[in-house]
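Subject: Structure for you to look at

Hello,

Below is the structure I said I would pass on. Please open it first; my notes on what was found follow.

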Amino acid sequence: REQRDVLKDNRTALLWLQYHYMVDILRMLIKAKRTGNWRFHLQALSEMLPYLAAAGNNLYTVSVLLYLQSMSSI
């Protein structure tokens, strides 16, 4: 935890930490699909939303948001 706080001052280290977090989200999505864990699947998609929006994938962002809203109500 302390090392992570120290590394946040370094721009390159921050980039790698963000990359690692994105890979963790993808791993979470894969694990959710393989295990059939519905809540885990929805959580992974919701954590993916900011990255989709930041990348400019507006159609994917809106589609995932609508999907999450409709599937969360089930």
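Met22 counts as partly exposed, because its relative accessibility is 34% (buried means under 20% relative accessible area, exposed over 50%, partly exposed in between, with a 1.4 Å probe and protein chains only). This is a predicted model, in which local features need pLDDT of at least 70 and side-chain atom pairs count only at pLDDT 80 or more, while totals for chains, interfaces and linings use all residues. Residues are numbered from 1 along each chain as its sequence is written, and side-chain values use heavy atoms, with hydrogens and water left out.

Met22 is part of helix 2 (helices are DSSP runs of H or I with at least four residues, numbered from the N terminus). Together with Trp16 and Tyr19, Met22 makes a nonpolar surface patch of about 350 Å². Patches of this kind join nonpolar side chains (Val, Leu, Ile, Met, Phe, Trp, Tyr) within 5 Å, from residues with over 30% relative accessible area and no salt bridge; the areas come from the Shrake-Rupley method with a 1.4 Å probe.

Helix 2 covers residues 11–35 and spans 36 Å from its first C-alpha to its last, close to the 36 Å expected (1.5 Å times one less than the number of residues). After the helix comes Gly36, with a positive phi near 75 degrees. The buried residues of helix 2 are Ala13, Ile25, Met28, Leu29 and Ala32.

The structure has one salt bridge (a side-chain nitrogen of Lys or Arg within 4 Å of a carboxyl oxygen of Asp or Glu). Arg27 and Asp24 form it, at 3.6 Å from N to O. Both are in helix 2, three residues apart, about one turn of the helix. Arg27 is exposed, as its relative accessible area is 56%, and Asp24 is partly exposed at 28%.

Glu47 sits in helix 3 (residues 38–54). Its side chain makes a polar contact of 3.0 Å with the side chain of Tyr21 (a pair of N or O atoms within 3.5 Å, one able to donate a hydrogen and the other to accept it). Beyond neighbours within four places in sequence, Glu47 is in contact (heavy atoms within 4.5 Å) with Tyr21, Ile25 and Met28.

Thr61 belongs to helix 4 (residues 58–72) and is buried, with a relative accessible area of 15%. The Thr61 side chain reaches the backbone nitrogen of Ala53 at 3.3 Å.

Regards

How values were computed
Helices (H or I, at least four residues) and strands (E, at least two) are DSSP runs, numbered from the N terminus. Patches are made of residues with over 30% relative accessible area and no salt bridge: like charges are joined within 9 Å, nonpolar side chains (Val, Leu, Ile, Met, Phe, Trp, Tyr) within 5 Å.
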